[in-house]
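Thanks for coming. I will go through one structure today, one part at a time. Please have a look at it before I start.

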Amino acid sequence: MLVKCYSSALVGIDALTITIEVNVSHGVQMFIVGLPDNAVRESQQRIFSAFENNGFTSPARKIVVNMAPANIKKEGSLYDLPIALGILAASEQMKSGELDGYVIMGELSLDGKLNPIAGALPMALKARDEGFKSVIVPRENAKEAAVVEGIEVYGAENLRQVVSHFNGEERMSPVLVDIEEEFRKGSCSYDVDFSDVKGQQVVKRALEIAAAGGHNILMVGPPGAGKTMLARRIPTILPPMTMDEALETTKIHSVAGKTGAECGLVMRRPFRSPHHTISNVALVGGGTNPQPGEISLSHNGVLFLDEMPEYNRSVLEVMRQPLEDGTITIARAKYSVEYPARFMLVASMNPCPCGYYTHPEKECVCKPGDIKRYRSKISGPLLDRIDIHIEVLPVKVGELSQTAPSESSLDIRKRVERARARQTERFKGTAVHTNAGMNAKMVEKYCVIDGESRSLLNSAIETMGLSARAYHRILKVARTIADIDGKEDIGLEHIAEAVQYRSYDQENNLL
């Protein structure tokens, strides 16, 4: 008897529907065809053990499982459940009448329990788009898949429960998630706040500008100045994610298997802080079975590189293209996948190897050559792509002992949201969302400055030895400062402030 059921495969952060055909006929042995990997081939042992432990019979006949389309490699253990149901239906141990309306995914334990899988959200989205009425996933993935509207999602605990559902003995109830309520509760909930930070008004101003325009920022200062503490509070001043951003971010985290069972939707902007020993593949993505890297997991959020010169230079250099394009393409011999990587880069570093070159009290013991070698670990092209460079100095004891609360993240976020609203209106109908994403033509159109401002900017470029890219980035930062101030035109004061955020370039040139 021939039975068809449906599952799904991941291609990047999107899914592809897989048709699983199971034929039980005279003969012996089980064959799985259609480019299965080792994990799929090994499913036979898991499936037959689950049958034995749940009162089902493993057919002592020839079983052929075809996974179409046959030219797409099938990877992972998520096909255990649909193959098992196909065998039971083909051997007439389960009714097959409703199978064609379901997309089914799940890894089987030997006792028949279903283990969670990666990529439930994009698979559910694909199932809805192709007209399927229902999806069955392991219980741990149910809330993640239930984020998708317009399709019924069932969370199953074991094989027996799914068989009872199709036999009509005990129907499962679909999982329901109030997306708007969950989104409203969790989108702006943080354990840290800018009100915890004493002093550092200049740095806070720079971080506000960076958040308002989506600009990359580098903080340079001695140990203990508060660089990491400030960086960890940046997500608290970023605007809440829109529903589209949340779904796109969740798809990436779902493919990487990093969504939680309590609520499948990623509601807060990601903050990723990889260790400096990270490899190229772990940062940008890849591997034998390509997976998203840290830059993609930071999509729509923040990637924080603490002590940036400690990272391997080749690791830092692979970020140059994603910083410009907002995507990363991972190519293999027969196919390529593209992951989104539109993130805000926040980096910190010491000014020298000992860390005290700019300290107001402690003396630096480094030689000029050592300082230059240390700073040269960050290449000029990469530094060019960081819009704002800000010096972070230690807070004085008197400021630390102040009891008056500092400005809260909520107050700063309100200004950021107003600036972002102006940008949303400005770039309506384009793929650009923030000032940092403007291309050269947009800069020319939206960053018009008067003669006095242009004279100041040209003088700064010549004095500091900046590149054409830095020139455009100064204009973008000035555009953001004007948006924060609620001004339609970029003024001299906006250009002057934007220029001072490139002081690190000039300091490097003087070493």
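**A loop, a strand and some helices**

Asn-439 sits in the loop between helix 18 (409–426) and helix 19 (440–446). Helices here are DSSP runs of H or I with at least four residues, strands are runs of E with at least two, and both are numbered from the N terminus. This is a predicted model, where local features need pLDDT of at least 70 and side-chain atom pairs count only at pLDDT 80 or more, while totals for chains, interfaces and linings use all residues. Residues are numbered from 1 along each chain as its sequence is written, and side-chain values use heavy atoms, with hydrogens and water left out.

From Asn-439 to Asp-196 is 243 residues in sequence and 37 Å in space, C-alpha to C-alpha.

Now the whole chain. The chain has 23 helices and 18 strands. Its C-alpha trace spans about 85 × 50 × 45 Å along the principal axes. Of its 511 residues, 53% count as buried. If we take contacts (heavy atoms within 4.5 Å) between residues at least 6 apart in sequence, 74% join residues at least 24 apart.

Next, Thr-19, which lies in strand 2 (residues 14–25). Thr-19 counts as buried because its relative accessible area is 19%. Leaving aside residues up to four places away in sequence, Thr-19 touches Lys-4, Cys-5, Tyr-6, Asn-66, Met-67 and Ala-68.

Seven of the 10 residues of helix 4 (residues 120–129) are buried, so helix 4 is largely enclosed by the rest of the structure. Which residues of helix 4 are buried? They are Ala-120, Leu-121, Pro-122, Met-123, Ala-124, Leu-125 and Ala-127. The cover over these buried residues includes strand 1 (2–11), strand 2, strand 5 (102–104), strand 8 (134–138), helix 5 (142–145) and helix 10 (243–255). Just after helix 4, Gly-131 has a positive phi of about 90°.

Last, helix packing. Two packed helices are described by the angle between their axes and the distance between the axes. The axes are lines fitted to C-alpha atoms, for helices over the stretch in contact, and angles run from 0 to 180 degrees between N-to-C directions.

Helix 20 (residues 451–464) packs on helix 22 (residues 492–500) at about 15°, with the axes 9 Å apart. Helix 20 is therefore roughly parallel to helix 22; under 35 degrees counts as roughly parallel, over 145 as roughly antiparallel, 65 to 115 as roughly perpendicular and the rest as oblique. On the helix 20 side, Glu-452, Ser-453, Leu-456, Leu-457, Ala-460 and Met-464 meet Leu-492, Ile-495, Ala-496 and Val-499 of helix 22.

Helix 21 (residues 468–484) also packs on helix 22, at an angle of about 125° and with the axes 8 Å apart. Helix 21 is therefore oblique to helix 22. Ile-474, Leu-475, Val-477, Ala-478, Ile-481 and Ala-482 of helix 21 make this contact with His-494, Ile-495, Glu-497, Ala-498 and Val-499 of helix 22.

That is the end of the talk.

Key:
Buried means under 20% relative accessible area, exposed over 50%, partly exposed in between (1.4 Å probe, protein chains only).
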